[in-house]
Amino acid sequence: MTHLRIFDEAGGAPLTDTRDAGAIAAALKPIGVRFEQWPSRPLADDAGQDEVLQAFAPEVERLKAENGYQSVDVIRMVPDHPEKANLRTKFLSEHRHSEDEVRFFVEGEGLFTLREGEKIYAVLCEEGDLISVPAGTRHWFDMGPSPRFTAIRLFTNADGWVANFTGDTIAERFPRHEPLEV
C-alpha cells in the first residue's frame, strides 16, 4: 500500500506516517511534488512498451499537454536483472535533475525519498501511483534488493534522465526499501 513517512533531516521517528492517498498528495503539494493515483488497467505480464503506453494513453497525453513532456518510455525491472545491484546503488545516492522526474507505476513498487528544507519525505509508490518530483529537488530512489516494477517515464528532454549527484551521504541515514515478498 502506498505509504508516506516524513522525517526530520536529523533522523529519528517519523513526524508523519500515512497510507491515505489524499493525505499523501496534500503533504507533498507544498513542496511542489505531484502525487496522483490512476486506475489500474489489465495488462499481460509480458506486455511491451507499446501495450503499456496504449493502456494509459489518456493519462499520458494529459500530462504531456499540461507539462510539455516530449519523450515517454517504459522501464521494467525484475529480480533477475543482471545490473540490479549496480542500478540500485547508483539510484541510492542523493541527486537532482534539471527537469521533473515523472514516474507512473504500472506494477510493482519503489521508494522515492525527497529532501526539502529540513524534512525528508519517504514516498513508497506502488501500482497506480504517479509521482512528479520537481526539477532541482534533492532525492534518491530505492528499488529494493529484488526489484520488481514497471513504470512509465515522461521527460521534457528528449535525451531522457540525467542525474546530477550531490555527493552528500544523507541517504545512508534513512530507511531503505525492503519490499514485501511476492
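The buried residues of helix α3 are covered by elements that include the strands β3 (34–37), β4 (71–77), β6 (101–116), β8 (129–133) and β10 (149–155), in what is a predicted model. The helix itself spans residues 57–67, and Glu-59, Val-60 and Leu-63 are buried in it. Because these buried residues fall within an arc of 100° when α3 is viewed down its axis, they line one face of the helix. An α-helix has 3.6 residues a turn, so residues three or four places apart point the same way. On the other side of α3, Pro-58 and Ala-65 are exposed, and just after the helix Gly-68 adopts a positive phi of about 70°.

Helix α2, which comprises residues 49–55, contains Leu-53. Leaving aside residues up to four places away in sequence, Leu-53 touches Val-72, Val-74 and Ile-152. Leu-53 and Leu-87, by contrast, are separated by 34 residues in sequence and by 24 Å in space, C-alpha to C-alpha.

Turning to the aromatic side chains, the structure holds 10 aromatic pairs. One of them joins Phe-105 and Phe-112, whose ring centres lie 6.5 Å apart with the planes at 85°, so the pair is edge-to-face, and both of these residues, Phe-105 and Phe-112, are buried. In the pair formed by Phe-141 and Phe-149, the ring centres are 5.9 Å apart and the planes stand at 85°, so this pair is edge-to-face; Phe-141 and Phe-149 are both buried.

Terms used. Residues numbered from 1 in each chain as written. Predicted model: local features only at pLDDT ≥ 70, side-chain atom pairs only at ≥ 80, totals over all residues. Heavy atoms only, no water. Phe/Tyr/Trp six-rings, centres within 6.5 Å; stacked < 30°, edge-to-face > 60°. Buried < 20%, exposed > 50% of the residue type's maximum accessible area, 1.4 Å probe, protein only. Helix = DSSP H or I, 4+ residues; strand = E, 2+ residues; numbered from the N terminus. Contact = heavy atoms within 4.5 Å. Arc of directions from axis to C-beta.
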